[in-house]
Each structure stands twice: as structure tokens, then as C-alpha cells.
Amino acid sequence: MEKLLSHLSHLEIASPDVEASAAFYEQQFGMRIVDRVDGATYLRCWGDHYRYSLIITEGPDPALTRMAWRTESAEALEVAAGRVQDAGITGTWSESGHGYGRAFEFEGPYGHPIRLFWEVDRFEADAAHASIFPDRPEKRSSHAGAPRFLDHVTIAATDVDGFAAWHRDVLGFRLMARTQLDDTNISVFSVLTTNEKSHDLGVVLDHSTRAGRVNHIAFWVDTHEELLISADVLMENGTPMESGPGVHGIGEQQYLYFREPSGLRVELNSGGYRNYLPDWEPNTWTPGLGGSNFYRNAPIPQSIFESFPAADGLTATEDGVHPDMRAALINS
């Protein structure tokens with residue numbers, strides 16, 4: 001298959017209190033508000049090349065309301081849309097949106113809204129934000145530990161292997177790794193990528209009846225030291241670490257997890273490997289191999305099994321499942 005998607009361009013999330021969430025991302029996390037349009041707040045990471053990285057809209061619960069991917073070309077957009085429709089999913093075309101051009105939007109087979117586009121507005125910094133370095137879209141943030149880029153999103157689905165296969169076969173994602181429970185063929189986690197990163201899309205097993213949920217959204221800093229500084233700044237300003245800092249085994253990124261005011265989980269990453277192999281075969285991990293914790297020396301907190309919006313069941317992680325969820329899966 002020809003390469004269809006280039007990378008994750010932006011995410012749209014819902015918050016019961018848009019102003020509280022926006023203030024958090026700006027004041028504690030170091031992103032910058034660039035637009036407010038029709039009740040939505042648009043924020044950017046200082047190193048992202050498009051106008052914005054994150055959109056916050058009002059909703060009753062924390063949720064992912066859209067993930068947006070830029071295609072490799074205008075022609076690739078047409079091909080990708082055709083493949084989605086050939087797979088039996090009806091989408092809609094729009095001629096433009098705020099900051100992007102013609103787009104194809106649809107709901108994926110597990111309930112997650114997706115936007116595909118090619119034309120996009122590049123960020124143009126004003127004099128106050130212009131960098132002295134030509135390749136930077138704006139100067140480095142003066143906020144300690146501010147994220148440079150949007151990195152990935154990890155969603156929840158009722159069939160991890162089915163989700164991964166659909167995104168591989170229809171949109172051309174590469175499967176990079178998966179986790180199965182010990183002594184079973186039940187997959188509870190998988191990572192996929194559109195490029196050389198270990199992943200820009202993750203999926204955890206959802207044991208609820210609510211479609212379209214998300215486990216976390218993630219951003220990137222250049223160095224491990226910046227990640228530690230970000231944890232320091234967040235904690236000094238009243239935001240505890242939910243998990244980490246630590247190192248993942250799958251992907252080998254340094255990480256930390258915390259919650260923004262809506263309750264939505266946010267991850268910050270640095271490091272990790274790059275994989276350029278076009279014929280890479282994804283390995284299968286089991287929880288004891290350290291997919292979540294490289295050093296295999298600390299359990300993850302039970303709160304990590306929560307996804308959003310809240311529902312009648314838990315979700316998995318790369319480190320496995322909650323004991324109650326395992327019993328239900330094995331006995332089903």
C-alpha cells in the first residue's frame with residue numbers, strides 16, 4: 001500500500017469547564033492559546049508547525065471528540081477517503097475548517113471521530129514570538145518544561161487486534177507491538193505509527209459498552225531533564241503525578257502521567273527509538289516483560305485502568321489488566 005498518512009496533526013477534546021482546562025494547559029503546562037472561535041479554544045505547542053495542536057470544546061465529560069491526521073498529499077487524501085468508504089464507512093466532505101482545507105470526516109469502526117486533510121495553515125509567528133532559528137515555527141517557550149510537539153493519542157476499543165488491523169489495512173498504519181495476557185491470545189494493548197516513531201496511535205482493550213473512549217493524550221519534550229522539570233513545575237502548582245516519571249519498555253520513551261482539571265489523563269514523553277524498517281514485524285509482549293515499566297520494579301497505579309468518558313467497565317494498559325477485568329475476560 002502507498003503511504004497515505006503523514007502524522008497526527010491535532011486533537012480535539014471535550015471538557016466540562018473549557019476555561020479551567022485551557023488555563024491549565026497554558027499556565028501550568030506551557031502551551032499557548034492562539035484562537036477562540038465559536039466556543040472552542042485553540043492551543044499550540046511551541047514547536048508544532050501548524051497553527052494549533054489542541055482544541056478544547058465544551059462537553060459534559062472529558063472525552064476525545066476528534067483526532068486529525070494530515071495525509072501525504074492531496075491525492076493521498078482522496079485515496080484514503082475512498083478506502084474508508086470501500087470498508088463500509090460513510091464519511092462527509094467539507095471544503096474547509098479553521099486552519100485547514102478540504103477534509104474528510106468519519107467515525108471509525110470503534111466509535112472514534114477522525115478527520116483527514118492535506119491543506120493546512122502553517123503557523124506564522126509575530127515579532128514577539130519569532131525564533132532566531134529559521135527552522136523553528138516560533139521561539140522556544142519560556143515556560144519550564146513546556147512541550148515542543150503533540151506526540152500521540154491512545155484510545156480504547158473492544159477489540160485491540162481488530163482495531164489495529166483495520167487501521168493497518170485501510171489507512172496504512174504500521175503495527176509496532178502488542179501486549180497479550182499471559183497464557184491467552186487476548187490482546188490488551190497495541191501501538192501503531194504513520195512514520196518512524198514507535199507510535200503516534202495506541203489502543204487499549206475496553207471492557208465497557210461505551211464506544212469511542214480515550215485513555216490519554218500525549219505531548220513531547222526534547223530531553224529527559226525537561227520531562228523531570230515539567231513534573232516539578234506541575235507538582236509545585238498543585239498537579240500530582242498519576243504515574244512516573246519512568247521509562248516504558250514498549251517504545252522506550254521516558255514518560256509521566258497526570259490529570260488536567262477535567263480529569264482527562266495527559267502523558268508527557270521524551271526519548272525512545274526510531275524505527276525505519278518497512279518490513280518490521282511487531283513483537284508480542286506479555287505484562288511481565290515490562291511493556292509499561294522498563295525496569296519491572298513498580299506496579300502501575302490502579303487509576304491508570306480508567307478511560308474517558310467514564311463507563312461501565314475498565315480498560316487495559318501495556319502492563320495488563322485489572323484483576324477484576326482479567327477474571328471477566330478469561331471467563332467470557
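Reader: OK, what does tyrosine 110 touch, not counting residues up to four places away in sequence?
Author: Tyrosine 110 touches Ala157, Thr158, Asp159, Gly162, Phe163, Ala211 and Gly212, where contact means heavy atoms within 4.5 Å. Mind that this is a predicted model, where local features need pLDDT of at least 70, side-chain atom pairs count only at pLDDT 80 or more, and totals for chains, interfaces and linings use all residues. Residues are numbered from 1 along each chain as its sequence is written, and side-chain values use heavy atoms, with hydrogens and water left out.

Reader: And where does tyrosine 110 lie?
Author: In the loop between E7 and E8; strands (E, at least two residues) and helices (H or I, at least four) are DSSP runs, numbered from the N terminus.

Reader: Switching to H2: which of its residues are buried?
Author: Ala76, Leu77, Ala80, Ala81 and Val84. Buried means under 20% relative accessible area, exposed over 50% and partly exposed in between, with a 1.4 Å probe and protein chains only.

Reader: Why the same side of H2 for those?
Author: Because they cover an arc of only 135 degrees around the axis, taken from the directions from the helix axis to the C-beta atoms. The face turned away from that buried side carries the exposed residues Glu75 and Asp86.

Reader: What covers the buried residues of H2?
Author: The cover includes strands E5 (63-71), E6 (92-94), E7 (103-107) and E8 (113-117), plus helix H3 (160-171).

Reader: What goes on at the start of H2?
Author: A side-chain oxygen of serine 73 reaches to within 3.4 Å of the backbone nitrogen of glutamate 75. As for what follows H2, that is glycine 88, with a positive phi near 95 degrees.

Reader: New topic: is serine 243 buried or exposed?
Author: Serine 243 counts as buried, because its relative accessibility is 11%. Serine 243 is found in strand E14 (residues 243-247). Leaving aside neighbours within four places in sequence, serine 243 is in contact with Tyr255, Leu256, Tyr257, Pro301 and Ile304.

Reader: Last one, which residues does the "domain: VOC" annotation cover?
Author: In the unreviewed UniProt entry, that annotation covers residues 7-119 and 149-271; UniProt positions are in the numbering used here, feature names are shortened, and annotations may be inferred rather than shown by experiment. Residues 7-119 are 21% helix and 42% strand, with end C-alpha atoms 13 Å apart. For residues 149-271, the end C-alpha atoms lie 13 Å apart, and the span is 20% helix and 44% strand.

Key. Polar contact = N/O pair within 3.5 Å; in protein donor to acceptor, adjacent residues only side chain to side chain.
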